[in-house]
Structures are given as C-alpha cells and as structure tokens.
Amino acid sequence: MEIEIKKVDEYQVAYIPKKGSYEKIPETLGEVVGWLMTKDVEIQMPIYGLYYNSPMEVSEDELEWEVGAAFLGDLEGEGRVQIKTVPEHMAVSTVFKGPFSEANSVYGSMLEFATEEGYEIGGPVLESYLNSPDEVPESELLTEVQFPVVKK
C-alpha cells in the first residue's frame with residue numbers, strides 16, 4: 001500500500017448529509033447521482049462518502065455522514081440535495097483494495113504516516129469509491145481514502 005501527501009484542487013459537490021445507519025448509503029448515493037443526472041452538468045467520478053464520526057465511537061443512530069459527487073457546472077441545491085465548494089487542501093491519501101466496509105483498516109497507517117511527515121489531521125475522512133460492486137468482485141473494489149492534513 002502506497003501512502004502519500006498530495007494537494008487536492010478545489011471542487012464542487014452535490015451531496016446529502018445524513019444521520020443514522022450506513023445501510024442508507026447506497027440509496028442516498030443513488031438519490032444524489034440520480035438528481036445530478038437530471039441536470040445540465042458534467043458529473044465527476046468518483047462518488048464519495050464523508051464520515052464525521054465512527055461506529056466505534058457512537059451508536060448507529062448517531063452516525064453523521066454525507067455522500068455525493070463532484071460536478072462541473074452551475075447548480076443550486078434542491079430538496080435534500082445541497083451544493084458546496086471544497087477548497088484546495090492537502091491530504092494524506094492511499095488506495096485500499098477490498099470490500100468498501102474494510103477501507104477503515106488503513107486509517108491507522110495513514111495517521112501514522114501523516115504524523116511522521118510532519119502533518120496533523122485537519123478534518124473528517126473521505127472515501128472515494130473508484131469502482132462498483134456491479135462491475136467487479138468485492139475483493140477487487142478500490143477505495144481512495146483521504147484525510148485532510150495541515151502542517152504542524
């Protein structure tokens with residue numbers, strides 16, 4: 001597994017913030033992507049999940065997360081779908097191969113690497129889903145995992 005510190009350029013996303021079970025992720029992602037597909041914009045893959053806390057820290061009904069997709073074009077939020085611009089930032093990043101549910105197994109190594117490189121974590125973890133279980137077996141799924149970082 002290769003871990004790196006990289007610059008992430010500014011981008012805009014359509015997303016839905018949620019509180020509760022991760023079982024709602026596929027349905028919520030489908031809602032965001034479906035909404036984007038009805039708009040005159042270019043969807044930028046991959047889709048993502050942003051996780052503000054952990055099932056190891058809080059109960060399932062207290063989990064806070066969002067899912068969405070980046071896009072090119074001009075949009076305003078509608079209904080549950082919100083729009084935001086993510087500013088340019090630095091991130092510690094790696095690609096995990098295997099089931100989406102096991103991507104958190106690399107978090108510890110990433111945090112250790114960031115510390116060794118003189119960075120500290122500056123926000124919640126982002127998981128970008130690079131392929132789909134509709135296309136490849138679970139063992140071949142790819143997830144880019146990023147934590148925003150700031151120089152100590």
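1. A quick word on terms before we look around: two strands pair if DSSP finds at least two bridges between them. Strands (E, at least two residues) and helices (H or I, at least four) are DSSP runs, numbered from the N terminus. By that rule β3 and β8 pair in the antiparallel sense over five bridges, with Gly49 standing opposite Glu127 in β8.

2. Please keep in mind that this is a predicted model, where local features need pLDDT of at least 70, side-chain atom pairs count only at pLDDT 80 or more, and totals for chains, interfaces and linings use all residues. Residues are numbered from 1 along each chain as its sequence is written, and side-chain values use heavy atoms, leaving out hydrogens and water.

3. On its other pairing, β8 is joined antiparallel to β9 (residues 142–151) by four bridges. Here Ser128 stands opposite Glu144 in β9.

4. Now have a look at the largest pocket, which is lined by 30 residues; Ile25, Tyr51, Phe100, Glu127 and Tyr129 lie nearest its centre. The elements giving two or more residues to this lining are α1 (25–37), β3 (42–51) and β8 (125–129). A pocket is an open set of points on a 1 Å grid over the protein atoms alone, where a 1.4 Å probe fits, with protein on both sides within 12 Å along at least five of seven lines; lining residues have an atom within 4 Å of a point.

5. α1 gives the most to the lining of the largest pocket, with five residues.
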